[in-house]
Amino acid sequence: MRQSSILIFTLFILSSCEKETFVDYYIDNQSSSILSVDGTNIIASSEIDKTINPNERKDVATWSKLGKETDYFEPISMFGNDLVITNAAGDTLTKDYKLLSNWTSDIDDQRTVASHEYILVITDADF
């Protein structure tokens, strides 16, 4: 009985030490036009409807969870195929937001918390 109690206590302590991971996707508008961003944050089940002014960076999707899970870090997992980014002239973004390689990343991985920021920089040449 004592061994069972120790095992349960140890499991409780170890599970409470699980890392929390925060993920944010930003769009950095380096174009000369206002951008409209429409789509769905699939993981959070929320609509994305943002307007981003020139030289402005805006958080368009975020989530967090306990544990170090990397499956959700791909943009396709967050946005699916539905993210539409247009400029004021109505032109649609030609840069593929679904490729993680098109996003710059800033990852701060500490002992108890991990923060992942992904930034899609958009310029006039991307339309």
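**Aromatic contacts in a predicted model**

**View 1. An aromatic cluster.** Tyr-25, Phe-79, Tyr-97, Trp-103 and Tyr-118 come together as one aromatic cluster. Rings of Phe, Tyr and Trp (its six-membered ring) are paired if their centres lie within 6.5 Å; planes under 30 degrees apart are stacked, over 60 edge-to-face, and the rest tilted. Five aromatic pairs are counted by this rule. The model is predicted: local features need pLDDT of at least 70 and side-chain atom pairs pLDDT 80 or more, while totals for chains, interfaces and linings use all residues. Residues are numbered from 1 along each chain as its sequence is written, and side-chain values use heavy atoms, leaving out hydrogens and water.

**View 2. The pair Tyr-25 and Phe-79**. The pair is edge-to-face because the ring planes of Tyr-25 and Phe-79 stand at 75°, with centres 5.3 Å apart. Tyr-25 belongs to strand β1 (residues 20–29) and Phe-79 to helix α2 (residues 75–79), so the contact ties together parts 54 residues apart in sequence. Helices (H or I, at least four residues) and strands (E, at least two) are DSSP runs, numbered from the N terminus. Tyr-25 is buried, at a relative accessible area of 0%, and Phe-79 is buried, also at 0% (buried: under 20% relative accessible area, 1.4 Å probe, protein chains only).

**View 3. The pair Tyr-25 and Trp-103**. With centres 5.1 Å apart and planes at 85°, the rings of Tyr-25 and Trp-103 are edge-to-face. This pair links Tyr-25 in strand β1 with Trp-103 in the loop between β5 (84–87) and β6 (104–109), 78 residues apart. Trp-103 is buried, with 6% relative accessibility.

**View 4. Arg-57 over Tyr-26**. The charged end of Arg-57 lies over the Tyr-26 ring, 4.3 Å from its centre (criterion: NZ of Lys or CZ of Arg within 6 Å of the ring centre and within 35 degrees of the ring normal).

Note on methods:
Buried means under 20% relative accessible area, exposed over 50%, partly exposed in between (1.4 Å probe, protein chains only).
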